[in-house]
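Subject: A model to look at

Hi,

Have a look at it first, then read on.

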Amino acid sequence: MLPKLFFGYYAVVIIVLSLLVVTRKNPVHSVMWMLLLFFHIAGLYLFLNAEFIAAIQIIVYAGAILVLFLFVVLLLNLREELLIERFIGTWPTALVISVSLLILVIRAIQDMALAPPGNHSVDAIQAETHTVALGKILYTDYLFPFEIASVVLLIAIIGALVLAKRKMRSPQ
Amino acid sequence: MNTILETIIAPGSIDFALAIGIILVKIAVVIAIALLHVAYATYFERKVIAHMQVRLGPREVGPYGLFQPFADGIKLFFKEDIIPAKADKPLFYLSPVIFFIAALTSLAVLPFFDGFVIADLNIGLLFLLAMSSLGAYGIILSGWSSNSKFSFLGGLRAASQVISYEIAMGLSLVGVMIMAGSLNLSDIVRAQHAYPTGVFVIPQFLGFFVFVVAAFAETNRLPFDLPEAESELVAGYFTEYSGFRFALFFLGEYTGMLIMSSLLALCFLGGWTIPRFITDFIPFLSAVPGIVWFLMKVYAFMFFYYWVRATLPRYRYDQLMAIGWKLLIPLALINILITGLVKAWIKGLL
Amino acid sequence: MPEFVMPDLAPVMPEIVMTILALVTLIADIIFKRKETLAILSIASVVLVFFVLFGTPFKTTFNGMFIADGYSLFFKLIFLLNVVLTVLISMRYLVIERVNFGEYYSLILFATLGMMLMASAGDLIVLYLGLELMALSTYILAGFITYDMKSNEAAMKYFLLGAFASAFLLYGISMIYGLTGTTDLNAISEYIILNGLTANPVVMLSMILFAVAFSFKIAAVPFHMWAPDAYEGAPTSVTAFMSVGPKAAGFAVLGRVFLIAFGSVRMDWSAVLIPIAILTMGVGNIVALSQTNIKRMLAYSSIAHAGYALLGIIAGTGEGLASVMNYLLIYAFMNIGAFAVIIMLRTEGFKGDTITDYEGLAKSHPLAAALMLVFMFSLTGIPPTAGFMGKLYIFMSAVYAGYTWLVVVAVIFSAISAYFYLRIVMYMYMREPKESVSLAATPALGIALAITAAAVIIIGVLPSAVVSFARAAVAGF
């Protein structure tokens, strides 16, 4: 009962916060709701005994990525920004499509038959702590994707340098 | 984590109430003592710097000016609370609170001596990093919501500075994590005690150096105090704050220094322990309570903070960024590489 | 905890070599002032990878996450060819656009690495990461001319819609993972069959989400909206690159995921893909009729070609798959060939990307016009060019699989496409030149044109070698 209540709280709050993020006119306020949203997501991870992921969620998303968002938002001209309509004219159509998609997904999910759990049960993770369990599996079973991810991150760095740092003059 | 959840799932027992009670008492004690330390840290700073500059420092309130922090507190408490007319009020109210809470929450995972820690998290070190990154929000938002040029510039400077140095600081601690094989701060201290040198500062001298420099930048202290550079930006991000809101920033900053010093003591200097070769040599030192050693280490570093403030001028902003990205981060990465290789070699994996 | 055993690295060798060489190219950028050196270096890298590729054993490694087989080998050849041709046509072009930076070449190599990983992915996680690696590099390449608003727009649209597609893919992956408890393609297929989940709505939903995500990547209607703007705005050499590489990679994963993981629900996914294919051919060919910008026209043409290639997947047979691979290889030659001619027209102060710029080209530059003629014929599918052979094999495999009516539709749209391809030919040969057009011809561009034109004609006349190679490649699938 209590775990369900716990999950229910997080699920409802995450949805409400997401709505607040997209509906606020002031982008700074949106970012702040998003910060709270990230904390709730971290809470959800804790609830799943994934303490390492929860901490990383806060450090990386709340601590670095969202601060950069904020940085960009702060440089906007907020007086103009506040006058712009929050949604473009076609939002009712988008809403209808989204809601029908939602109904479709909910309908399909009802037939979800969960697969048998793998080796990493809650007890197994607790026994060796989440960080150790995650580290071991990342560097053994998932070594290959892990290495690819490092290349993906390198591309992101190159991209930032190429697109932002290069001083280019137009031929004209 | 799970233990907390399990206790909540099966409440009603006396143990549950007792556990919560003990935690609450611990929290109260830690906060009270930490704030007292913070109050006197300001006093010591004024005294230390005064003597370095051949002055006397506060002397009027109480003997040797010892009650000065209380006088300051009372003064700030009763000052008028001024809010700029065009400020974004909710965020203006919120940001000092975020800043202060982030600093205070970090205290929860610090083991002051063996067994005395409010929450003995497996990921204590990551929790500290997470909280220190959260503190950046208080700074940035206060700068923006004040609707003042000085505040805004300070906020922007703080944002980029904190983000940049957070990376260096996190990476500098990775060497410690590798050596201790844990993210739990108590385990890190125990691992140091079991290690031949007794402290990690000797094998981790590179990480130590990076950490110390990054700690100055993270707490916005001289020589990296550009976010509040008084000669350029009045007071930076908290220019528009007065009264008790200003006090929250002030307290938060000094709590941040205290936490950085504690982290340094725990991760590099052996926390509440002293190296075994010292206790083997002078056995009666092992009878000294751990908290004494811990506080000595913390205050030694606090003194270093003041010393640097009294000695060094402020860096230029581009120099600050260059140090962070081009010196500290590569150094920290080299440190990780070396530490990892040595550990693999010791374990016979190479 | 079982002891860690070093996985067999031999099957991954081409990817490892590619990564190292891409990093070398990145570092060489600091050393060499002349960026042409990097172009040569990257071509040399590709040649080296090519030789490594043929020495690679056909095995799976990393617990089935990476599959080296004939199927992936064939696709990797397309990707490597794509790099060589793209690099050859970009050397002069980058100088003209004043974006002659070394990162360009390493990004192309990294994008190709991503495609190679996609073609070999035996696990959804590797598939996703390979896709992101390819996509991120391509987004950057699309926005490479940072002073040009159109290039920025192209990168932005490509990025936003690509990220959107990735979200669909992840959602599909999470659904199928929740249902089967694995991300391994073969294990998913086995689990679905063993537990009788072929009619489970979650499998259907997941399959549809995959179809949507891959449709974005291959620019199939109705998920094609990014393509015209991205193709038009991106640097022309990058347009050539991304009209071939990512599309082929998209088909590679489409084939593997749908034929292996969702092999047991083939009737359902062909019911999803058939309308997509018809729409793709229809919208691609019909909207291309009204284009005035040649890059935009080729974007719609590229959409239409994705529609034809989908027929081979819908056929669902080994023969169908072989014909898709064959078609994609031919498409690489003819499309990059066409872009090579377009790039030649781009000179200092002259854009040369509207269709009217081709008026009277046959009078001023007969050879360029003749080459363009060959590529346009091939794209239309007129014998004796390779384009005809490619289409022929695809249509045949679809007919054998019982989709005769679909082939009839495809042939009709193919006939419509003749109008806009041949319009360019008409402009070149039957109109008087309005203004004098000079060409930015270089030896590198010449080599690229020679390779593509020769390939288009030789494969058109003697298709059997390529076709039997594709068939052999699919044999072990």
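Predicted model: local features only at pLDDT ≥ 70, side-chain atom pairs only at ≥ 80, totals over all residues.

Residues are numbered from 1 along each chain as its sequence is written, and chains are lettered from A, with ligands numbered from 1, in the order in which they are written.

On confidence, the model scores ipTM 0.89 and pTM 0.89.

Chain A has 8 helices and 0 strands (DSSP runs numbered from the N terminus: H or I of at least four residues for helices, E of at least two for strands). Its pattern along the sequence is α-α-α-α-α-α-α-α. The radius of gyration of chain A is 21 Å, well over the 16 Å that the globule rule gives for 172 residues, so chain A is more spread out than a compact globule. (That radius is taken over C-alpha atoms, and the rule is 2.2 Å times the number of residues to the power 0.38.) Along the principal axes, the C-alpha atoms of chain A fill a box of roughly 60 × 40 × 25 Å. Of its 172 residues, 22% count as buried, meaning that 20 or more other C-beta atoms, placed from the backbone, lie within 10 Å of the residue's own.

Now for how the chains meet, where a contact means two residues whose C-beta atoms, placed from the backbone, lie within 7 Å. Of the 2 pairs of chains that touch, A and C have the most contacts. That contact takes 36 residues from chain C and 32 residues from chain A. On the chain C side, the elements giving two or more residues are H4 (103-120), H5 (124-142), H6 (149-180) and H8 (201-218), and H5(C) has the largest share, 9 residues. This side of chain C divides into 23 nonpolar, 10 polar and 3 charged residues (Ala, Val, Leu, Ile, Met, Phe, Trp, Tyr, Cys and Pro count as nonpolar, Asp, Glu, Lys and Arg as charged, and the others, Gly among them, as polar).

In the other pair, 20 residues of chain A are in contact with 22 residues of chain B. On the chain A side, H2 (27-47) and H3 (51-74) are the elements that give two or more residues, and H3(A) gives the most, with 12 residues. The chain A residues here are 14 nonpolar, 5 polar and 1 charged. No contact joins chains B and C, whose closest C-alpha atoms lie 11 Å apart.

Finally, the cores, each a set of buried Ala, Val, Leu, Ile, Met, Phe, Trp, Tyr and Cys residues joined through C-beta atoms within 7 Å. The largest nonpolar core has 201 residues, and C:Ile89, C:Met118, C:Leu328 and C:Met372 have the most contacts inside it. Helix H13 (residues 318-345) of chain C gives the most to this core, with 21 residues. Leaving aside neighbours within four places in sequence, C:Met372 is in contact with C:Ala338, C:Val341, C:Ile424 and C:Met428.

Best wishes

Technical notes
Buried ≥ 20, exposed ≤ 12 C-beta atoms within 10 Å, placed from the backbone.
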